[in-house]
Amino acid sequence: MLKVCLAGATGWAGSELARGLATAPDLALVSGVSRSLAGKVLADVLQVPGLAAPLFASASEALSVPCDVFVEYTKPASAKSNIQQALERGVHVVVGTSGLTEQDYAEIDLKARQHQRGVLACGNFALTAVLLQRFAEYAAKHLPNWEIVDYGSGTKVDVPSGTVRELALRLSQVRQPQVTVSPDRAVGPRESRGATVSGTQVHSIRLPGHVLGVDVVYGMPDQTLTLRHQAGSSARPYVDGALLAIRKVSGLVGVHRGLDSVLDL
Ligand SMILES: NC(=O)c1ccc[n+]([C@@H]2O[C@H](COP(=O)([O-])OP(=O)(O)OC[C@H]3O[C@@H](n4cnc5c(N)ncnc54)[C@H](OP(=O)(O)O)[C@@H]3O)[C@@H](O)[C@H]2O)c1
């Protein structure tokens, strides 16, 4: 039985994962982090009988309950410190929180290797998003020009999304996209050409009505290709992937990015 501590257990994504953990016979949720509901028990907060995990105000308190895997599902501002505390206690980490930078991950990787623990960071646990990553890499081998459109809700503060950061990084490992006119030479506001993320131009849209989506747009003379992933308003698409990551992370050392690093695709 793998013991799991879930930071963000009362949030939109974390509470759905807690419900998923409650039905997994090989996983036990032993503690959770929520500042506003600290002192309560998840069963009462989520109305899920049997979820006896207590809630604590901080990761350091929650980690005082022995566990094998720490899941980070809070906010970018608290994520890095939570992850580092878990690694210092010798606990493997699954990261669902978006907004960590490449520099953050480089520091986390160092700490994970020092403690010989695994960190599996997935900007998006949904199977259709994981497949989009794979298809996009394949297309990038054949199509040299691309840009990304990143869709999020009006209240999503991090830009671009974790999904898009991860995607741009992975495309950069295939090759750098060709750019016909560099954004620095654009006539007009430089921002109109988006941000350069791992070499790719990324255009972030934050509007009510959107939840999370990404288009990878490829262009060649007289032809275009758009790959699109869109998620709806429930957090259900992220549960199965997160459960898989929890089961697999203890076989890893250091930071690994993307669910497909543990999937046989
Ligand atoms: N990887 C994926 O597939 C995926 C899917 C969905 C969302 N996400 C990402 O997951 C993160 C959480 O999203 P969400 O929509 O679930 O957010 P949310 O609904 O606001 O939930 C955040 C959770 O974290 C807790 N929290 C917030 N700040 C904290 C802090 N400083 N210390 C301790 N606990 C804190 C909140 O409880 P209190 O306020 O009571 O502390 C709450 O339980 C975001 O970065 C989002 O982009 C990733």
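How far is an oxygen atom of the ligand from an N or O atom in the side chain of Lys156? The distance is 3.2 Å.

This is a predicted model, in which local features need pLDDT of at least 70, side-chain atom pairs count only at pLDDT 80 or more, and totals for chains, interfaces and linings use all residues. Residues are numbered from 1 along each chain as its sequence is written, and side-chain values use heavy atoms, with hydrogens and water left out.

View 1. Thr10 places a polar side-chain atom 2.7 Å from a ligand oxygen. For Ser34, the distance to a ligand oxygen is 2.8 Å. The ligand alone exposes 910 Å², of which the protein buries 82% (Shrake-Rupley accessible areas, 1.4 Å probe; for residues, only the protein chains shown count as cover).

**View 2. The shell around the ligand.** The ligand is surrounded by 23 residues (a residue is near if one of its heavy atoms lies within 4 Å). Thr10, Trp12, Arg35, Ser36 and Ser98 are the closest. The shell has eight nonpolar, 12 polar and three charged residues. Here Ala, Val, Leu, Ile, Met, Phe, Trp, Tyr, Cys and Pro count as nonpolar, Asp, Glu, Lys and Arg as charged, and the others, Gly among them, as polar.

**View 3. The largest pocket.** The ligand takes up the space of this pocket (more than half of its atoms lie within 2 Å of the grid points). On a 1 Å grid over the protein atoms alone, a pocket is an open set with protein on both sides within 12 Å along at least five of seven lines; a cavity is a set of points where a 1.4 Å probe fits but cannot get out; lining residues have an atom within 4 Å of a point. Grid points are joined across faces, edges and corners, and a volume is the space filled by probe spheres set on them. The largest pocket holds about 1100 Å³. Its lining counts 42 residues, with Ala13, Tyr73, Thr74, Lys75 and Thr97 closest to the centre. Helices H1 (12-22), H3 (59-62), H4 (76-88) and H7 (162-174) each give two or more residues. H4 gives the most, five. Helices (H or I, at least four residues) and strands (E, at least two) are DSSP runs, numbered from the N terminus. By class, the lining divides into 14 nonpolar, 24 polar and four charged residues.

**View 4. The second largest pocket.** Its space is about 150 Å³. Among its 14 lining residues, Asn145, Glu147, Gln178, Val179 and Arg193 lie nearest the centre. Strands E7 (146-152), E9 (200-206) and E10 (212-220) each supply at least two.

**View 5. The largest cavity.** The structure holds one cavity of 30 Å³ or more. The largest cavity has a volume of about 90 Å³. Thr97, Tyr105, Gly123, Gly162 and Glu166 lie nearest its centre, among 14 lining residues. H7 provides the largest share, three residues. The lining has five nonpolar, six polar and three charged residues.

**View 6. Backbone details in two loops.** Most residues other than glycine have a negative phi, and most peptide bonds are trans. The bond from Val159 to Pro160 is cis, with omega near -20°. Pro160 sits in the loop between E7 and H7. Gln47 has a positive phi, near 60°. Gln47 belongs to the loop between helix H2 (42-46) and strand E3 (55-56).

Technical notes. A polar contact is a pair of N or O atoms within 3.5 Å; within protein, one must be able to donate a hydrogen and the other to accept it, and residues adjacent in sequence count only if both atoms are side-chain atoms.
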